[in-house]
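Open the model in your viewer and keep the sequence panel beside it. This tour goes stop by stop, with something to select at each one.

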Amino acid sequence: LLHTEVNPQMAHFMCFYLVLDRAWRQPFSISGDFSRKGAFYVAIAASEGLITTNVGDETYAHKWIITEYGMEAKGELDELLKEVFAVASGRDSTPH
């Protein structure tokens, strides 16, 4: 693992990334441990339309899943985190 400074803003980015990644890879229960422990980030992600329980026309599930908008945000966070870790390790993340 790379040592890098984790400031409050970076910690928030990481928490949002974890919520989005989990909703994409393994949708999680609306009342499970992950939802409870990350309630602040789950609530914001849902309020901002990044995750949803809507799985179709007026059909809702008991799991959070990532939305199309959430996938876009996750992609942006992917790039941001790659850059941060590249800088922390002394590598240039810019393609040549």
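Begin with helix H3, residues 39–47. H3 lies across strands E1, E2 and E3. Against E2, H3 runs at about 55 degrees. Bear in mind that this is a predicted model.

**Stop 1**

Select E1 (residues 28–29), E2 (residues 51–56) and E3 (residues 59–66). Which order do the three strands take in the sheet? The order is E1-E3-E2, and the sheet is open. The pairing is antiparallel. E1 and E2 are the edge strands, each pairing on one side only. Strands of a sheet pair through backbone hydrogen bonds, so show the backbone here.

Take the E1 side of E3 next. E1 and E3 pair over two bridges, in the antiparallel sense. Click phenylalanine 28: its bridge partner in E3 is tryptophan 64. Then click serine 29, which stands opposite lysine 63 in E3.

Now move to E2. E2 and E3 are joined by four bridges, again in the antiparallel sense. Threonine 52 stands opposite isoleucine 65 in E3. Glycine 56 has threonine 59 of E3 as its bridge partner.

**Stop 1: the hairpin turn**

Follow the chain from E2 into E3. The two strands form a hairpin with two residues between them. Select glutamate 58, which sits in the loop between E2 and E3. Is glutamate 58 buried or exposed? Glutamate 58 is exposed, with a relative accessible area of 76%; the cut-off for exposed is over 50%.

Check the backbone of glutamate 58 too. Its phi is near 50 degrees, a positive value in a residue other than glycine. Most residues other than glycine have a negative phi, which is why this kind of value is worth a look.

**Stop 2**

Two packed helices are described by the angle between their axes and the distance between the axes.

Show the side chains where they meet. From H1, pick His12, Cys15, Phe16 and Val19. From H3, pick Tyr41, Val42, Ile44 and Ala45. By class, this contact has seven nonpolar residues, one polar and no charged ones.

**Stop 3: the aromatic rings**

How many aromatic pairs does the structure hold? It holds three. Zoom in on phenylalanine 16 and tyrosine 41, which form an edge-to-face pair. Their rings lie 5.1 Å centre to centre, with 85 degrees between the planes. This pair links distant parts of the chain: phenylalanine 16 is in helix H1 and tyrosine 41 is in helix H3, 25 residues apart.

Tyrosine 41 is buried, at a relative accessible area of 14%, because buried means under 20%. Colour Phe16, Phe40 and Tyr41 together: ring pairs link them into a cluster.

**Stop 5**

Is aspartate 21 buried or exposed? With 14% relative accessibility, aspartate 21 counts as buried. Show what surrounds its side chain. Leaving aside neighbours within four places in sequence, aspartate 21 is in contact with Gln26 and Lys74.

Finish on helix H4, residues 68–88, and select aspartate 78 there. Aspartate 78 is partly exposed, with a relative accessible area of 21%. Aspartate 78 and tyrosine 17 are 61 residues apart in sequence, yet 8.0 Å apart in space.

Notes:
Residues are numbered from 1 along each chain as its sequence is written. This is a predicted model: local features need pLDDT of at least 70, side-chain atom pairs count only at pLDDT 80 or more; totals for chains, interfaces and linings use all residues. Side-chain values use heavy atoms; hydrogens and water are left out. Axes are lines fitted to C-alpha atoms, for helices over the stretch in contact, and angles run from 0 to 180 degrees between N-to-C directions. Contact means heavy atoms within 4.5 Å. Ala, Val, Leu, Ile, Met, Phe, Trp, Tyr, Cys and Pro count as nonpolar, Asp, Glu, Lys and Arg as charged, and the others, Gly among them, as polar. Buried means under 20% relative accessible area, exposed over 50%, partly exposed in between (1.4 Å probe, protein chains only). Two strands pair if DSSP finds at least two bridges between them. Rings of Phe, Tyr and Trp (its six-membered ring) pair if their centres lie within 6.5 Å; planes under 30 degrees apart count as stacked, over 60 as edge-to-face and the rest as tilted.
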